[in-house]
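Please read them with the structure open.

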Amino acid sequence: MDAVVTWITGLDIGYIYLAVFLISYIENIFPPFPSDVVVVFAGSVVGLGVGSAPVTVLLASIGSTLGFLTMYEIGRRVGDRVLETGRIKFISVELVRKVEDWFRRWGYWIIVLNRFMAGTRAVVSFGAGMSELRLLPTLALSLVSAALWNVLLVTLGAAMGANWRDIGSYLSTYSGVVSIVIATGLLGWGLVAWLRSRKRRQNGAGGA
C-alpha cells in the first residue's frame with residue numbers, strides 16, 4: 001500500500017485535472033464511462049496532499065456541463081433524425097419519450113436530479129434539447145447538479161485516500177439501486193396510465 005501511496009502522490013496533478021475534465025465531458029456523450037471513479041480517484045489524491053478539492057470539483061463540473069450542452073444541442077438540432085436512424089445505440093425512442101414526459105410533469109427539476117440518476121444522464125440532456133427547454137436555466141441547473149454530485153465524489157475520495165478503489169463497488173451498488181427505483185417508477189407510471197385509459201374507455205362505453 002505504501003508503494004501505491006507513493007505512486008499516487010508522485011503523479012503530475014495537471015494530468016489528473018485534465019483527465020477529470022475530459023472524462024467528465026466524454027461520459028455525457030458516450031456512456032457508460034468511468035467518470036465517477038476518476039473523480040473519486042482525484043479526490044483521493046487531494047486527500048493524500050496533492051491538488052485542490054475546489055479545482056477538482058470545478059473542472060469535473062464544467063466538463064460535465066459542457067458534455068450536457070453537447071447532447072442538448074444534438075437533441076435540439078437533429079434529435080428526431082438521430083432517433084429515426086438509431087445511430088446512438090444507448091438512446092432509444094421509448095426512453096427519450098419517457099424523459100420528455102418527465103419534463104412535462106416535473107419540469108426543470110429533472111435537470112437538478114440528472115447527475116444522481118444512473119444510466120439516464122445522456123438521455124436527459126438529449127431529451128432536454130428535443131423538448132426545447134430554455135438554454136440558460138437548463139445549463140445553470142446542470143452545473144448545479146454536477147457540482148453537488150462532484151462535491152460528494154471528491155469528499156468521498158478524500159476521506160478514503162489510498163483506498164479509493166473501494167468506492168467502485170459502492171458506486172456500482174448505488175447505480176443498481178437507482179436503476180431499479182427508476183424502472184419501478186416507470187412501470188408504476190405505465191400501470192397508472194393504463195388503468196386511467198381503461199377507466200375512460202369504460203366510462204365512455206357506459207355513457208353511450
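**Notes on the predicted model**

1. At 5% relative accessibility, Ile110 falls in the buried class, for which the cut-off is under 20%. The residue sits in helix α6. Leaving out residues up to four places away in sequence, Ile110 touches Trp102, Phe103, Met117 and Val124. Ser125 is 15 residues from Ile110 in sequence. Their C-alpha atoms lie 9.9 Å apart in space. Keep in mind throughout that this is a predicted model.

2. Now the overall fold. The protein has nine helices and zero strands. Of its 208 residues, 38% count as buried. Take the contacts between residues at least 6 apart in sequence: 79% of them join residues at least 24 apart.

3. How many residues of α7 are buried? Ten of the ten are, so α7 is largely enclosed by the rest of the structure. The buried residues are Arg121, Ala122, Val123, Val124, Ser125, Phe126, Gly127, Ala128, Gly129 and Met130. The list thus includes a charged residue, Arg121, because Arg is classed as charged. The cover over these residues includes α2 (13-27), α3 (35-47), α4, α5, α6 and α8 (135-160). After α7 comes Glu132, which has a positive phi, near 55°.

4. Look next at how α5 meets α7. Helix α5 covers residues 93-106, and helix α7 covers residues 121-130. The two pack at an angle of about 65°, and their axes are 9 Å apart. That angle makes α5 roughly perpendicular to α7. Their crossing is right-handed. On the α5 side, the contact is made by Leu95, Val96, Arg97, Val99, Glu100 and Phe103. On the α7 side, Val123, Val124, Phe126, Gly127, Ala128 and Met130 take part. Sorted by class, this contact holds nine nonpolar, one polar and two charged residues.

5. The crossing here is left-handed. From α2, the residues in contact are Ile13, Ile16, Ala19, Val20, Ile23, Ser24 and Glu27. They meet Ser35, Val38, Val39, Phe41, Ala42 and Val45 in α3. This contact divides into ten nonpolar, two polar and one charged residue.

6. Which residues of the largest nonpolar core touch the most other members? They are Ile91, Val96, Phe103, Ile111, Val124, Phe126 and Ala128, out of 20 residues in that core. The elements giving two or more residues to this core are α4 (53-85), α5, α6 (109-113) and α7. Setting aside neighbours within four places in sequence, Ile91 is in contact with Met71, Leu83, Val96, Ala122, Val123 and Phe126. Another core, of 15 residues, lies apart from the largest one. Its members include Val40, Phe41, Val45 and Trp149.

7. Is Ser64 buried or exposed? Ser64 is buried, with a relative accessible area of 2%. The residue belongs to helix α4. Not counting residues up to four places away in sequence, Ser64 touches Ser24, Tyr25, Asn28, Arg115 and Ala146.

8. At 28% relative accessibility, Ala53 counts as partly exposed. Beyond its neighbours within four places in sequence, Ala53 is in contact with Val46 and Val154. Thr155 lies 102 residues from Ala53 along the chain. Even so, the C-alpha atoms of Ala53 and Thr155 are separated by 8.1 Å.

Methods
Residues are numbered from 1 along each chain as its sequence is written. This is a predicted model: local features need pLDDT of at least 70, side-chain atom pairs count only at pLDDT 80 or more; totals for chains, interfaces and linings use all residues. Side-chain values use heavy atoms; hydrogens and water are left out. Axes are lines fitted to C-alpha atoms, for helices over the stretch in contact, and angles run from 0 to 180 degrees between N-to-C directions. Helices (H or I, at least four residues) and strands (E, at least two) are DSSP runs, numbered from the N terminus. Angles under 35 degrees count as roughly parallel, over 145 as roughly antiparallel, 65 to 115 as roughly perpendicular and the rest as oblique. A crossing is left-handed if the near helix is turned anticlockwise from the far one by less than a right angle, and right-handed if clockwise. Contact means heavy atoms within 4.5 Å. A nonpolar core is a set of buried Ala, Val, Leu, Ile, Met, Phe, Trp, Tyr and Cys residues joined through side-chain atoms within 4.5 Å. Buried means under 20% relative accessible area, exposed over 50%, partly exposed in between (1.4 Å probe, protein chains only).
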